[in-house]
Amino acid sequence: MSDNLLQKPKLNEARKRTKNQTEQVIYAIPEDAYQLGDGLKYMIQTYGCQGNEADSEKMRGLLESVGFTQTLVEEDADFIILNTCAIRANAENKVFGELGRLKHLKVAKPTLILAVGGCMPQEEVVIEKILKTYHQVDIVFGTHNLHRLIEFLIPAIKTHQKVIAVESVEGDIVESVPTIHENQFKAWVNIMYGCDEFCTYCIVPYTRGKERSRKPESIIEEVKDLIQKGYQEITLLGQNVNSYGLDFENNPYRFANLLDDLSNLDIPRIRFTTSHPKDFGDDLIAVLAKGHHLLPFIHLPVQSGSNKILKAMNRKYTKEHYLELIRKIKIAIPGVSITTDIIVGFPGETEEDFLETLDLVRQCDFEGAYTFIFSPRTGTPAALYFDDLPKEAKKQRLYQLNDLINEGFAKGNHRFVGTVQKVLVDGRSKTKQTVLTGYTEHNKLVNFKGDETLIGKIIDVKIIDARTWSLVGEIIDE
Ligand code: SF4
């Protein structure tokens, strides 16, 4: 392997933050690559969050810009990418299992190119493991250089060289990367990259680099283009969207300004994720209260209800601050639906701490939550914290929490029975061909009978019944 194709990440460097303003550059296809993929097929497997889904759409765009076509049949693929997630050990184990499974394909078809991209390669331990054990992998790239995917493919295709290219530090913001959206009427829109929060359990600030905000003009242009193409809903993406713009020099434009500007455009639905409670200011609440195209649904991760644990997590807010924030949001946006993320079994979490979390859940009336058992990530401070709580006790806490969360989920669904809701029709139900599915403005899943010409449209649906996880409706305006 030649040296210039072996670039490994370093967590120590990834941890550093500089004041340097991030440059914005325009993507260009490498000149010698225009027909690189002619006659070749690719397949992408995406793991993890919406950020990764958005990245996979860019990978699709890049590959198809040089002639590749997509296949969903593994045996037909000439190029397979696993776009990976590093947030929990479970997610990583799945990827390693998948790499083991794909080995037989490589043996049957030696020209197959196998790539690992996304968050996992940003970890030193992962790169070492791939180099030592998974020799079937041809290309490894990270989150900071996915726009260079075509460059990495050139030596892999032309001279069968291995390419390990993972940068530790984020580079420029690259605009105009070709993108193919999976969905024809709902799109992800990145508004910023990276995270500067350094919650002690989280690997993301190391894998995604420092916070960099895209220019408002670039985001607005992208959204206008989506409107022209007929998109009905956008979801603005960032690890902490509330800190959008904090990295701008001499420019007070922030997330509230961006939401305000976007809601004046003709896009019927605007969602966003993820918010951090410490940065959720009154200016933002005031803009959300205007409604218009901003939907009455907020995902606001709390992680714990214990101040001691919140401090150990470096979350930078208290239970009292969070409860007050929820109170203000509910007053400003009547009927808003709020969901959250919670970790149980964080090192040092006592029964009293856990009861504080249950108490917070009861007070907030969450209508859903992603709940997890703490998963130590090598390189993060919390991975070194003393943790003597047995796995079984953690599981019991998770079950107890989930019972409470499910009650809130069902309650949040039942409140809509008898009302008429605007539903963006997603497609046919996977289990019943005569049934359509879609989401309300409050992000509730609704099943109802209807014709497939309605897919991609926003229609009125009367809610006639509620289950724990979904609503049942009937169309009143076809
Ligand atoms: S805000 Fe905290 S949990 Fe979220 S990505 Fe940043 S470090 Fe991770």
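Among contacts in the protein chain between residues at least 6 apart in sequence, 76% link residues at least 24 apart, a contact being two C-beta atoms, placed from the backbone, within 7 Å. This is a predicted model, in which local features need pLDDT of at least 70 and side-chain atom pairs count only at pLDDT 80 or more, while totals for chains, interfaces and linings use all residues. Residues are numbered from 1 along each chain as its sequence is written.

The protein chain holds 13 helices and 22 strands, taken as DSSP runs (H or I, at least four residues, for helices; E, at least two, for strands). Its C-alpha atoms fill a box of roughly 65 × 55 × 50 Å along the principal axes.

Of the 478 residues, 41% are buried, that is, with 20 or more other C-beta atoms within 10 Å of their own. The largest nonpolar core has 103 residues; a core joins buried Ala, Val, Leu, Ile, Met, Phe, Trp, Tyr and Cys residues through C-beta atoms within 7 Å. Val140, Phe141, Leu149, Val189, Ile191 and Tyr201 touch the most other members. Leaving aside residues up to four places away in sequence, Leu149 touches Met59, Leu62 and Phe141. A separate core of 12 residues includes Val425, Phe448, Val461 and Ile463.

Finally, which residues surround the ligand? They are Cys195, Glu197, Phe198, Cys199, Cys202, Val204, Pro205, Gln239, Asn240 and His276, where the criterion is a C-beta atom, placed from the backbone, within 6 Å of the molecule.
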